[in-house]
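Hi,

Here is the structure I promised to pass on. Have a look at it first, and then read on for what turned up.

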Amino acid sequence: MPRPPRLPASLRGRIFTAAEADAAGLTPAQRRGPHVVRVRHGVYRYRDTEPTVVEQLRVAQASLPADAAVSHTTALRLHGVELGPLLPLHFSTATSAQTRQSGVTLHRRNHELSSVEIDAVRSLGPERSFVDSATILGLRDLVRAGDALVRLGHTTTADLLQFTATSHLDGVLRAREAAALVRPRVGSFRETDLRLLITLSGLPEPACHQQIVEPGVFARAPLVLRRHKIVVEPEGPRGADAEHRQKAVLRRERLEAHGWTVIVVTRADVRRPATIVARVHEALVRKGYQGPPPELTARWHQVARGA
């Protein structure tokens, strides 16, 4: 069995450009061989190296103008919020430069960009990235992004509202609509989706991640309609162990024993979003709610479809 070729150790564990390969002594023939993988045009890695997003961004940024900063949904990803496809990688510049890099989109801006540094990569800040992403994401995913940015401590609901109110960037109208729906203490995308389905139907908005403290009850719930003693929550994670499932069941039993209604939304339910709203409305009516029934508007259907 032939021995594998001796590849330059300096290129191991990262992605690299053709110029870096030449400088390290990796031949064109080796680049075309079975031990090297082409990430995109002019960018490579060894087959046993899985490139991180940060590494890909560093390589791409090195060939862009000095002010180029990660932007749009790529910046959201760098801030810890994964929404939308990884490629193309989005960057913004205040220069008139263009790029021919495969898998890279360079947006040209009219004004100087204010950037932050994350893992040695220049990036636009969370509020600016939120607005820019409104040109790519639908309303539901944009609210997901805002909820996550707040949960991760990158911004606040007040800062998002202020930034979108004073911004005149592309996408700002959708960003303003989404910012008004962003809330603190939202634990997951699924909780964002449930809250939007309920709220945009015209039913009372549930509070996010609330503690319920009553005689005999001490619990935390993801979505709480406290006035009517209703909890709405997604089912637990797949693969949860028996102990985790037992704790969830006991918690629900305690809440129900003290007059609370617990609505558990399964993954199957999510495929029928109108039934979720109907269940919440029925529970509200049983608890004395006399407000208007839900109205599934075009905006509600847009969000229900994930648009």
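Let's begin with two helices, H7 and H8, whose crossing is left-handed. By class, the residues where H7 touches H8 are six nonpolar, one polar and one charged. Before going further, please keep in mind that this is a predicted model.

H7 covers residues 157-166 and H8 covers residues 172-179; they pack at an angle of about 155 degrees, and their axes are 9 Å apart. Angles over 145 degrees count as roughly antiparallel, so that is what H7 is to H8. On the H7 side, the residues that meet H8 are Leu160, Leu161, Thr164 and Ala165. H8 answers with Val172, Ala175, Arg176 and Ala179.

Next, the sheet. It is an open one made of three strands in the order E1-E3-E2, with antiparallel pairing. Which strands stand at the edges? They are E1 (15-17) and E2 (36-40); each has a single partner strand, so one side of each has no neighbour in the sheet. On average, neighbouring strands here are turned by 35 degrees against each other, if you ignore direction.

Looking at the pairs one by one, E1 and E3 (residues 43-46) are joined in the antiparallel sense by three bridges. Phe16 has Tyr44 in E3 as its bridge partner. There is also a helix on this sheet: H3 (residues 53-62) packs there and touches E1, E2 and E3. The direction of H3 makes about 15 degrees with that of E1.

As for E2 and E3, they run antiparallel and are joined by four bridges. Val37 has its bridge partner in E3 too, namely Arg45. E2 and E3 form a hairpin, with two residues between them. One to look at in the turn is Gly42, which has a positive phi of about 80 degrees.

Finally, a residue from another part of the chain: Lys229. You'll find Lys229 in the loop between strand E10 (217-225) and strand E11 (230-234). Is Lys229 buried or partly exposed? With a relative accessible area of 25%, Lys229 is partly exposed. Setting aside neighbours within four places in sequence, Lys229 is in contact with Glu214, His258, Gly259, Trp260, Thr261 and Lys287.

Cheers

Methods
Residues are numbered from 1 along each chain as its sequence is written. This is a predicted model: local features need pLDDT of at least 70, side-chain atom pairs count only at pLDDT 80 or more; totals for chains, interfaces and linings use all residues. Side-chain values use heavy atoms; hydrogens and water are left out. Axes are lines fitted to C-alpha atoms, for helices over the stretch in contact, and angles run from 0 to 180 degrees between N-to-C directions. Angles under 35 degrees count as roughly parallel, over 145 as roughly antiparallel, 65 to 115 as roughly perpendicular and the rest as oblique. A crossing is left-handed if the near helix is turned anticlockwise from the far one by less than a right angle, and right-handed if clockwise. Contact means heavy atoms within 4.5 Å. Ala, Val, Leu, Ile, Met, Phe, Trp, Tyr, Cys and Pro count as nonpolar, Asp, Glu, Lys and Arg as charged, and the others, Gly among them, as polar. Two strands pair if DSSP finds at least two bridges between them. Buried means under 20% relative accessible area, exposed over 50%, partly exposed in between (1.4 Å probe, protein chains only).
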